[in-house]
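This report covers helix packing and nonpolar cores.

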Amino acid sequence: MGKAISTNIVVRPTEPYDHQGLYDLYRQPEVYRQTLALPSQSLHSWEKRLSAIPSHVHSFVALLDNDDEYRIVGNVALTIETAMRRRHAGSIVIAVSADSHGQGIGTMLMQTIVDLADNWLDLSRLELQVYTDNTPAIALYEKFGFINEGTLQNYAYRDGKLCDLYMMARTKNPSDTN
């Protein structure tokens, strides 16, 4: 478990100038190992990606804002499905810096994205994928009402072998209240 937050954490929309911070975040072995990203992503690819974020993608960063330090310690993104019959759904990806685990940053990011989905975008289905051995992340998602809908067997190559992922989702009926 990480130490308690003794500094300010600010969650705000991702900006094009965040490319260096996101590059640094996703280059951490503990981070890219839990995503489908590769360690070989270039700084230029992040700069290019953030210069033209599509309108159906909503991204936020968590910033550690302290007197002696200012850096990105987390990221969450929600991609709304564009197919006509799937526009009620969105897919989430999230990452938290290895030295910031257990400090509530994942919770802050999930609160931000779930609030956006529920109260501004009217999405009735949120989806994500998580490695079956990522117990802390699974617990976080369950805290927000996600359930395991099944195992994606031999889904991703990691650490020299094929690994399983869970497909998790959170659904609500249009008549549900928040």
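Contact means heavy atoms within 4.5 Å. The model is predicted: local features need pLDDT of at least 70, side-chain atom pairs count only at pLDDT 80 or more, and totals for chains, interfaces and linings use all residues. Residues are numbered from 1 along each chain as its sequence is written, and side-chain values use heavy atoms, without hydrogens and water.

**Helix pair**

Helices (DSSP H or I, at least four residues) and strands (E, at least two) are numbered from the N terminus. Helix α4 (residues 105–119) packs on helix α5 (residues 135–143) at about 40 degrees, and their axes are 10 Å apart. The angle makes α4 oblique to α5, a class left over after under 35 degrees (roughly parallel), over 145 (roughly antiparallel) and 65 to 115 (roughly perpendicular). In α4, G106, T107 and M110 meet L140, Y141 and K143 of α5. These contact residues divide into 3 nonpolar, 2 polar and 1 charged.

**Nonpolar cores**

A nonpolar core is a set of buried Ala, Val, Leu, Ile, Met, Phe, Trp, Tyr and Cys residues joined through side-chain atoms within 4.5 Å; buried means under 20% relative accessible area (1.4 Å probe, protein chains only).

| Core | Size | Residues include |
|---|---|---|
| Largest | 29 residues | L78, I92, M110, I113 |
| Another | 11 residues | Y23, L25, L50, L63 |

L126, Y141 and F146 are also among the residues with the most contacts inside the largest core. Its largest share, 7 residues, comes from α4. Not counting residues up to four places away in sequence, F146 touches I92, M110, L126, E127, L128, Y141, M168, A169 and R170.

How values were computed:
Axes fitted to C-alpha atoms, helices over the stretch in contact; angles between N-to-C directions. Nonpolar A, V, L, I, M, F, W, Y, C, P; charged D, E, K, R; others polar. Buried < 20%, exposed > 50% of the residue type's maximum accessible area, 1.4 Å probe, protein only.
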